[in-house]
Each structure stands twice: as C-alpha cells, then as structure tokens.
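Trainee: Please take one part of this model and go through it closely. I would like the helix packing, then whatever surrounds it.

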Amino acid sequence: MNRITNKSQLIPGRTQRPEHPLLSLDQENLEFVLQLVLASGSLKELARYYGISYPTVRARLDKLIVRLQLIVESRERDEMANLLANLVEASQLTSTAAQSILELHRSNH
C-alpha cells in the first residue's frame, strides 16, 4: 500500500516544500515550544512548569530563537548555519557571534 506522507502529494504539480523549521528541532526543544504555547507565551508560567528561574527560561528561549532564525535563514540546509546553531545551543558561542560569522560566511560565497 502506497501511503501519502506529504500533503503536497495530494495536489498534482505542487512541489514539495522544505521541512518546516520546527520539525528540525529535537524532542526537548519541541516540548519547550509546546509548553510555551500552552502557557500562552508566559515565561513566568513556563519557569514554574519546569521548576527553574525566569532568567534560565529566558536564556533557553533566546538560544532557541537564534537556532530557529539560523534555520529559517538557511532553508536550503546551509551546513555553516547548522553548525553555528548547534554551537549557540551548546553555549559554546554567543548568538551575536553566530550571526556575525554567518553573515561573513555568506558574503564570501
């Protein structure tokens, strides 16, 4: 049985779009996004849910935002963007430095 795995397969002539940026996140980050939405965007409520401080939630969200920005900016799966996103997420590189490196990389290509 041939299952349809993508809605774009239902419409003739429609090309397949790149994977949605959220789908490139690991389970832990997807759960974080889900809990953020369920908390109506309240970081205070999210901090209570996870039992961590507001600044910790804010820092985690900032890292996630940078990761998603880098993914969105490079939908064609730019290896440099993925590497920088991983370094930011691992706290080995600041988001500002990652943005600067990516801009320099792209201007040279």
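Mentor: Start with helix 4 (residues 79–89) and helix 5 (residues 95–107): their axes come within 10 Å and cross at roughly 170°. Axes here are lines fitted to C-alpha atoms over the stretch in contact, with angles from 0 to 180 degrees between N-to-C directions. Helix 4 is therefore roughly antiparallel to helix 5. The cut-offs are under 35 degrees for roughly parallel, over 145 for roughly antiparallel, 65 to 115 for roughly perpendicular, and oblique for the rest.

Now the contact itself. Helix 4 brings Met-80, Ala-81, Leu-84 and Val-88. Helix 5 brings Ser-95, Ala-98, Ile-101, Leu-102, His-105 and Arg-106. Contact means heavy atoms within 4.5 Å. By class, these residues are seven nonpolar, two polar and one charged. Ala, Val, Leu, Ile, Met, Phe, Trp, Tyr, Cys and Pro count as nonpolar; Asp, Glu, Lys and Arg as charged; the others, Gly among them, as polar.

This is a predicted model: local features need pLDDT of at least 70, side-chain atom pairs count only at pLDDT 80 or more, and totals for chains, interfaces and linings use all residues. Residues are numbered from 1 along each chain as its sequence is written, and side-chain values use heavy atoms, leaving out hydrogens and water.

Next, the setting. The chain has five helices and zero strands. Helices (H or I, at least four residues) and strands (E, at least two) are DSSP runs, numbered from the N terminus. Of the 109 residues, 27% are buried. Buried means under 20% relative accessible area, exposed over 50%, and partly exposed in between, with a 1.4 Å probe and protein chains only. Take contacts between residues at least 6 apart in sequence: 42% join residues at least 24 apart.

Asn-29 lies in helix 1 (residues 27–38). Asn-29 counts as buried, because its relative accessibility is 8%. Beyond its neighbours within four places in sequence, Asn-29 is in contact with Arg-60, Leu-64 and Glu-89.

Last, the rings. The structure holds two aromatic pairs. Tyr-49 and Tyr-50 form one that is edge-to-face, 5.0 Å centre to centre with 90° between the planes. Rings of Phe, Tyr and Trp (its six-membered ring) pair if their centres lie within 6.5 Å; planes under 30 degrees apart are stacked, over 60 edge-to-face, the rest tilted. Tyr-49 is partly exposed at 49% relative accessibility. Tyr-50 is partly exposed at 28%.
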